[in-house]
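Student: I would like to go through this model with you, one question at a time. Could you help me read it carefully?

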Amino acid sequence: MTAALVEKKDARTPGTSRGNSTPPPSSHRRTKRERAFDDVPRWQIYLPLGIYLLFTLIPFYWMFLFAVRPAGSTSLVPWPMTGAHFSKVWNERSFAVFFQNSMLVGVATLIATTLVALAGGYALARFNFKIKGAFMLALLCSQFIPGALMLVPLFEIFKNLQMINSLGSVVIAETVFQLPLSIILISGFIKNVPISLEEAAWVDGCSRFKAFRTVVLPLLRPGLIAVGSFAFVHSWNHFLFALMFLSEQDKQTIPVGLNTLIGADSVDLGALAAGGVIAAVPVVIVFAFIQKWLITGFSAGAVKG
Amino acid sequence: MAQSAAVATPPPKGKASKRRSATPRRLPYLLIAPAGLLMLGFIAYPVISVFYYSLQNYNVTKPWRNGFAGFDNFIKIFTEDELFWPSLGFSAQWVIVQVTLQLALGLALALIVNQTFIGRGISRAMVFSPWAVSGVLTSTIWILLYNSSTGFSRYLADAGIGEYGTSVLSDTGTVFWAATVAELWRGVPFFAILILADLQSVSKELYEAASVDGAGRMRQFFHITLPHLRDAIILATLLRGVWEFNNVDLLYTLTGGGPAGETTTLPLYVANTGIEGHDFGYASALTTVAFVILLFCSIVYLRLSKFGGDNK
């Protein structure tokens, strides 16, 4: 289905991938043009948005409140604050170790996904080859295969590779499940870079690789940041692979750590909230930073009509 | 979208093929090799093994019974298994409610934050932020909110709204909606982001022309915006439906499938059978059934929605 969309995008801007017409208008210019037709009454924007913001933010606030509130307090303002829950979770509940493991998995998945998807995306964007159609089809079909339902065979594979209890197993599994969407997105970004730029570099004597590195790669930066961050956020968050493949506690990641806090006989809400804050902070920061690119990334890479 | 596709000329093929012949033939294959091998090894092979295991008795705790079982597992699913149909029913209910509400709210949210207003950037970042949050973290947050002794309901009760009571998560009458609200909290941004991305590409000239012709905002929405978003909505709905069907993170940690199996989806049932029951053969058979159902529903959905049909 995404194939249809990607093809359509191609048909719509035939010049961009072959380099003989003007580039499509950037989203920035479009945003400016919108202003002229913007006649929606203000209250129709602020009222529903305000309500939705409350729905979004109250849960975050609640977690923050429980994390910094002294045990036994029922105050709704986070004052006086205490760091007791944080130090307890960080030190006694091994969140320092979980945090480090999650970072390792996240960064490794980010690098692996970006590199492999960059190669695959370049092939799809710039070449026609025999199995291109089959490859596209495989990418799309894989979207329908549930990670959760593949746990059993994946577990067997990693057992045979003697990778159970190694973070590598989680990195591989996360990378594989990130790849299809990443390849589709990156090939969309590469198609948006006029091939004439590369051809000009070849004429100047650059190798294909050098032309790619010096001409195309800098233009791909926003897209790569979007895809990479996406991979990071996903692997940071994902729970089942880590739960299944890592049985030793000092190999676990943050979501599994949170789950053990939830599953504890008497749930320590302060500790749980502090663990939640630790889990949320990196991804929410990454997300706030990239959300603008994510929107342009999706519109360029996959769903642009 | 349809108009521009019709106007567009096909890419100049002749020139491209001349250029291609100058590049090494093996290069594209080398480039897709890492992705292809990873997917063969860790997606294709596991899928085939699931089908293979589904025909086996394969239970780690009962190795003496292991071996080829034919269709026994499947027969058991459809004739004896008392948990299969309820879990499938709950899956269907979960997917339909989630996708419908997420689409409606996500569309509304996207239309709002697509307007120009003061504070748009920060509002976007804030309303989209739950999307960065995992199922387990969502559970964590909503467990804190739903907690009966210190949660939100206690403060409402103190203020005279509602009453002190048990947690909404342990009551069979409320658990579905409690879980639904939690999942909506993080699911709506997904639709909002995808729809917003597509809204960026609606031609403003169309609205301009429609205004000149005297079309009101409602008519513009139904005649310009919705048709433009059609394919994105169909695609997002399908992907999200599959995802909501498959995903177990939230329910596994929020309700554990309870109370009384009230929130056990089919994949959650599979996970329990495979991971906790160690019955890999039966879990694989359940997986196969789930996969076939999902595939069937996806195909029917794509057929009914005539996805991309008017663009070919």
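Student: Which backbone oxygen does the side chain of Lys132(A) reach at 3.0 Å?
Tutor: This is a predicted model in which local features need pLDDT of at least 70 and side-chain atom pairs count only at pLDDT 80 or more, while totals for chains, interfaces and linings use all residues. Residues are numbered from 1 along each chain as its sequence is written, chains are lettered from A and ligands numbered from 1 in the order written, and side-chain values use heavy atoms, leaving out hydrogens and water. Lys132(A) belongs to helix α7, residues 132-142 of chain A, a helix being a DSSP run of H or I with at least four residues, numbered from the N terminus. At 3.0 Å, its side chain reaches the backbone oxygen of Leu124(A).

Student: Is Lys132(A) buried or exposed?
Tutor: The classes rest on relative accessible area with a 1.4 Å probe and protein chains only: buried is under 20%, exposed is over 50%, and partly exposed lies in between. Because the relative accessibility of Lys132(A) is 19%, this residue counts as buried.

Student: Which residues is Lys132(A) in contact with, leaving aside its neighbours within four places in sequence?
Tutor: Contact here means heavy atoms within 4.5 Å. A polar atom of the Lys132(A) side chain lies 2.9 Å from the backbone oxygen of Phe127(A). With those sequence neighbours left aside, the contacts of Lys132(A) are Leu124(A) and Phe127(A).

Student: How does Phe64(A) count by relative accessibility: buried, exposed or partly exposed?
Tutor: Phe64(A) sits in helix α4, which covers residues 42-68 of chain A. Since its relative accessibility is 33%, Phe64(A) counts as partly exposed.

Student: What area is buried between chain A and chain B?
Tutor: Buried area is the accessible area (1.4 Å probe) that two parts lose on being put together, summed over both. The contact takes 109 residues from chain A and 107 residues from chain B. Carbon and sulfur atoms give 76% of the buried area, which is about 10000 Å².

Student: Which element gives the most to the side of chain A that touches chain B?
Tutor: Between chain A and chain B the count of salt bridges is zero, a salt bridge being a side-chain nitrogen of Lys or Arg within 4 Å of a carboxyl oxygen of Asp or Glu. On the side of chain A that touches chain B, the element giving the most, with 17 residues, is α4(A).

Definitions and conventions. Helices (H or I, at least four residues) and strands (E, at least two) are DSSP runs, numbered from the N terminus. A polar contact is a pair of N or O atoms within 3.5 Å; within protein, one must be able to donate a hydrogen and the other to accept it, and residues adjacent in sequence count only if both atoms are side-chain atoms.
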